[in-house]
Amino acid sequence: MTLKVDLRQFLDEKGNLLLLTEQASTVFKFLSEIVLSVSQESGVHSIEQPFNSVNLRCSTRGFALSCLGDIEARTSSSGTIEWHCDTCEAAGTILNWQGSLWDMQKSTLH
Ligand SMILES: [Zn+2]
C-alpha cells in the first residue's frame with residue numbers, strides 16, 4: 001500500500017502551512033523531514049537515485065504506530081520523492097515538494 005501525498009494539500013497559495021489537525025501535522029512533520037533530507041542530499045538531478053536513510057523512525061508517522069524501522073527515501077527520475085520503511089510495508093510518494101519551504105535544493109542553486 002502506497003501513501004500518495006501532494007505537499008500542496010498542506011499549504012495555502014503562498015506556500016505557508018495550513019492549520020492542521022494534530023494527526024495531519026504529525027504526518028506532515030514526517031513528510032517534511034523526508035523532503036528536507038532528500039533535497040539536501042541529492043540536489044538537482046534527473047537520474048534515478050539509490051534509497052538513502054533519512055534518520056526517521058517509521059513510528060514518527062502517527063501516534064499509534066510502534067514500528068521502529070528506519071525510513072529510506074530518494075527522488076525518482078520524475079522528481080517525485082519515494083520513501084519506504086525498511087521493516088514493514090509502509091511506503092509512499094510525495095508530489096509537488098519542489099519550491100516549498102522544505103526544499104533545500106534552492107540554497108545550493110542560487
Ligand atoms: Zn515500518
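Which residue in β3 does S53 stand opposite? S53 stands opposite E72 in that strand, and the report below places this pair within the chain as a whole.

## The model and its confidence

This is a predicted model, in which local features need pLDDT of at least 70 and side-chain atom pairs count only at pLDDT 80 or more, while totals for chains, interfaces and linings use all residues. Residues are numbered from 1 along each chain as its sequence is written.

The chain averages a pLDDT (the predictor's confidence in each residue, from 0 to 100) of 88, and 87% of the residues score at least 70. Confidence is lowest in helix α2 (residues 105-109), with a mean of 59, and highest in strand β5 (residues 91-95), where the mean is 97.

## Overall layout

The chain has 2 helices and 5 strands, where helices (H or I, at least four residues) and strands (E, at least two) are DSSP runs, numbered from the N terminus. Read from the N terminus on, the elements follow the pattern β-α-β-β-β-β-α.

Of the 110 residues in the chain, 22% are buried, a term that requires 20 or more other C-beta atoms within 10 Å of the residue's own, whereas exposed requires 12 or fewer and partly exposed lies in between, with C-beta atoms placed from the backbone. Among the contacts with a separation of 6 or more, 49% are between residues 24 or more positions apart; a contact here is a pair of residues whose C-beta atoms, placed from the backbone, lie within 7 Å.

## The sheet

The 5 strands form an open sheet in the order β1-β5-β4-β3-β2, with mixed pairing, and two strands are said to pair if DSSP finds at least two bridges between them. The edge strands are β1 (2-6) and β2, each of which pairs on one side only.

Strands β2 and β3 pair in the antiparallel sense over 3 bridges, while β3 and β4 also run antiparallel and are joined by 5 bridges. In β4, W83 is the bridge partner of A73. The strands β3 and β4 form a hairpin with 5 residues between them, and G79 in the turn has a positive phi of about 95°.

Leaving aside residues up to four places away in sequence, L31 touches V5, L7 and I94.

## A cysteine in a loop

C67 is found in the loop between β2 (52-57) and β3 (70-75). Is C67 buried, exposed or partly exposed? C67 counts as partly exposed because it has 17 C-beta neighbours inside 10 Å.

Not counting residues up to four places away in sequence, C67 touches C58, S59, C85, T87, C88 and A90. The C-alpha atoms of C67 and A90 are separated by 9.7 Å, and these two residues are 23 residues apart along the chain.

Conventions: Contact = placed C-beta atoms within 7 Å.
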